Amino acid sequence: MNNWKRAVCALAGIVMLASVGACGGSRGATAGGGGVNAKNPSDVTVGISMPEQQLERWRLDGDNLKKQLEGKGYKVLLQFADNKTDLQASQIQNMANQGANFVVIASIDGTAVGPAAEAAKSNGATVIAYDRLIMNTDACDYYSTFNITEVGKLQGQYIVKKLGLDSGKKGPFNIELMTGSPTDNNAKYYFQGSWSVLEPYFKNGSLVSPSGRVPKNLEDWQSIGIQNWDRQNAQSEMENRINSYYNSGRHLDAVLAPNDAIAMGTVNAVDAAGWNYYPIITGQDAEKANVANIVAGKQTMTVYKDTRKLADSTAALIEKLVKGQKPKTNDTFNNNNKDVPSILLKPVSVDKDNVKKELVDSGYISAANAGL
Ligand code: GAL
């Protein structure tokens, strides 16, 4: 694209991408309606690129979003990338080739996905980062997510309260910390939220990590990251720590597990150790098997992010853009290149006391699946 065309496209982006069709090269006449002011909803194509479908949440995200968008009459291309960055890039490229007016991307690696997002954008698509931010590129128009720092805070606050640190108990309590995938920008924000709550107790000595696996500072969060948020990787990590530091009867009071897969790996490691108790174990996503573990007293809490709401708000964002209206955002996130207008939803802390109210009564999960 030459400079004047680039400038025209940038301007068009500001006035709701009104001329996205002209910014691409290879798209057909209908798609040229460009997501905006399209005559018929069926002229609008939305590509959805999800990172994987091993984790229930991404299947739900994909399905909910597809249903919402198809309900509005749009054509939807949904793909899951099996946690392979190359596959995700080619799937996105494919969506662009098929004339997607929008691509909604939950990246595997927020940085590695940049060139694919750029290709889609230069082909005329509006790029929406879904749940995870796309880093180091201008090709990220919006970010639709939950309040990611708040998620980490809820986990930290839960541990503090449950141990009684906020009501004067001094411990010292033994805690083990893990963070999410080093490739996922979210993982940093989750840890930042948790650390903002836990760090003061490390400083005054009421929390200690016998393994010494504590980041030197926030920027060092990847040093305790679990690659791909993988349950098995988390289980191996926790088995190592348990065998090395807790095998002579030392009590493990709490584990900061940033999502449900890592929580499940932790529960499995505790089971393998044959302990007669479970430490406080946090989580995130309210996956069915984890909710059942909460009810059974194995995992202690999870942070519930209603994927239906995320799908709703993302679909509503797209609909606004299709209609040429300005979408309502409530925050911005900097991706190292720009401040990305963002929509942040509210996460909810769930333990066995409010499982029924939050998850079952709201229809997110059945009583039978929750083990109630
Ligand atoms: C994060 C996401 C979490 C969790 C995790 C593993 O980016 O925000 O909800 O699912 O990935 O997939």
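Start by selecting Asp184 and the ligand: an N or O atom in the Asp184 side chain is 2.5 Å from a ligand oxygen. That is a polar contact (a pair of N or O atoms within 3.5 Å). The model is predicted, so local features need pLDDT of at least 70 and side-chain atom pairs pLDDT 80 or more, while totals for chains, interfaces and linings use all residues. Residues count from 1 along each chain as its sequence is written, and side-chain values use heavy atoms, without hydrogens and water.

Next, pick Tyr190. A polar atom of its side chain lies 2.5 Å from a ligand oxygen. Then pick Arg132, where the distance from a polar side-chain atom to a ligand oxygen is 2.7 Å.

How much of the ligand does the protein bury? Taken alone, the ligand exposes 300 Å², and 100% of that is buried (Shrake-Rupley method, 1.4 Å probe).

Now show the whole shell. It has 13 residues around the ligand (a heavy atom within 4 Å); Arg57 and Asp285 are among the closest. Four are nonpolar, three polar and six charged (Asp, Glu, Lys and Arg count as charged).

Colour helix 3 (56–71) and helix 7 (185–203). These elements each give two or more shell residues; helices are DSSP runs of H or I, at least four residues, and strands are runs of E, at least two.

Move on to Pro172, in the loop between helix 6 (148–163) and strand 6 (173–177). A cis peptide bond joins Gly171 to Pro172, with omega about 0°.

Last stop: Asp82, in the loop between strand 2 (75–80) and helix 4 (85–97). Its phi is positive, about 55°, though Asp82 is not a glycine. Most residues other than glycine have a negative phi, and most peptide bonds are trans.

Technical notes
Polar contact = N/O pair within 3.5 Å; in protein donor to acceptor, adjacent residues only side chain to side chain.
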